[in-house]
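Colleague: I've got a model open and I'd like to learn how to read it. Can you walk me through a few features?

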Amino acid sequence: MQGKPLIGLNADYRSAKKDSPAYSFIAAGYFDRIMAAGGIPVIVPPLQAEGDVDAVLESLQGFVMIGGQDLDPRRDGFMLHPSVRTMDKRREEFDRVLMRHISHRRMPLFAIGAGMQLLNISQGGNLFLHVPEDLPEAIPHKDLQDRGHRHSLDVAPGSLMERVYGDGEIRVNSMHHMAVDEVAAGFAVTARCPDGVVEAIESDSPDWFAFGTQFHPESGSASALDCRIFEEFIDGVVDHRRTYSEMRVLVA
């Protein structure tokens, strides 16, 4: 009998400073939500050998790519906007390698915040670097004075987001200044803010259970309904594992 699925989590990283050593860290909401949804979280630090990345992913059944500071647009051929606050170089290099391996394996994936932005970039999409300038008519998507800032959400019929939220008024937290612009091939937008800003994408490829949210359902400002996204993810991982196991039996 198969037990709970093992779900990987990347971690943030901070380089050494004069008064502190280098260290990895992660908000507890990520692993708490996975455990509450029926998975076992496995935190993966920024590995440096690609062979080690493969070895770790071989032992996992799904992955959650966490949010964090901004991706460096220069890595994708764009200018560095003054508002961009890049994540540590070691973390970003690892995250990009990790995403490439996850995509190649078609491993079940839930990407959050900057994680969703990286998912979109890795599959050929691109980003708005600063919503207030790129979309001047958009509502505020970040309030430095209010970490619980929220806005409403419009979800696409038949999507995972609709299964979570159903009908009625939906409001989610918002703490970003970058956003998805052109959506990668193989993905569909399944939730937007009423101003048009992309808030969720889902793979429409039958061989890859993968989706992302720009908002943060792991955050303390998330609602109980938001947290159900993790339940949908774990259910999808279990279904994927069952299907994969049945295929292996048929091949054998």
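Predicted model: local features only at pLDDT ≥ 70, side-chain atom pairs only at ≥ 80, totals over all residues.

Colleague: Okay, so is Arg 106 buried, exposed or partly exposed?

Modeller: Its relative accessible area is 26%, so Arg 106 counts as partly exposed. You'll find Arg 106 in the loop between α3 (89-105) and β6. Check its backbone too: phi is near 55°, a positive value in a residue other than glycine.

Colleague: And which class does Gln 48 fall into?

Modeller: Exposed, because its relative accessibility is 69%. Gln 48 sits in the loop between β4 and α2 (50-58). Its C-alpha atom is 9.1 Å from that of Glu 93, although the two residues are 45 apart along the chain.

Colleague: What about the strands: in what order do they line up in the sheet?

Modeller: Read across the open sheet, the eight strands go β4-β1-β5-β6-β14-β13-β12-β9, with mixed pairing. β4 (40-44) and β9 (154-155) each have a single partner strand, so they stand at the edges and one side of each lacks a neighbour in the sheet.

Colleague: How many bridges join β5 to β6?

Modeller: Three, between residues 62-65 of β5 and 109-112 of β6, and these two strands run parallel. Met 65, for instance, has Ala 111 in β6 as its bridge partner.

Colleague: Which strands does helix α1 lie across?

Modeller: Helix α1 (residues 28-36) lies across β1 (6-10), β4, β5 and β6. Against β4, the helix runs at about 150°.

How values were computed: Residues numbered from 1 in each chain as written. Heavy atoms only, no water. Pairing = 2+ DSSP bridges. Helix = DSSP H or I, 4+ residues; strand = E, 2+ residues; numbered from the N terminus. Contact = heavy atoms within 4.5 Å. Axes fitted to C-alpha atoms, helices over the stretch in contact; angles between N-to-C directions. Buried < 20%, exposed > 50% of the residue type's maximum accessible area, 1.4 Å probe, protein only.
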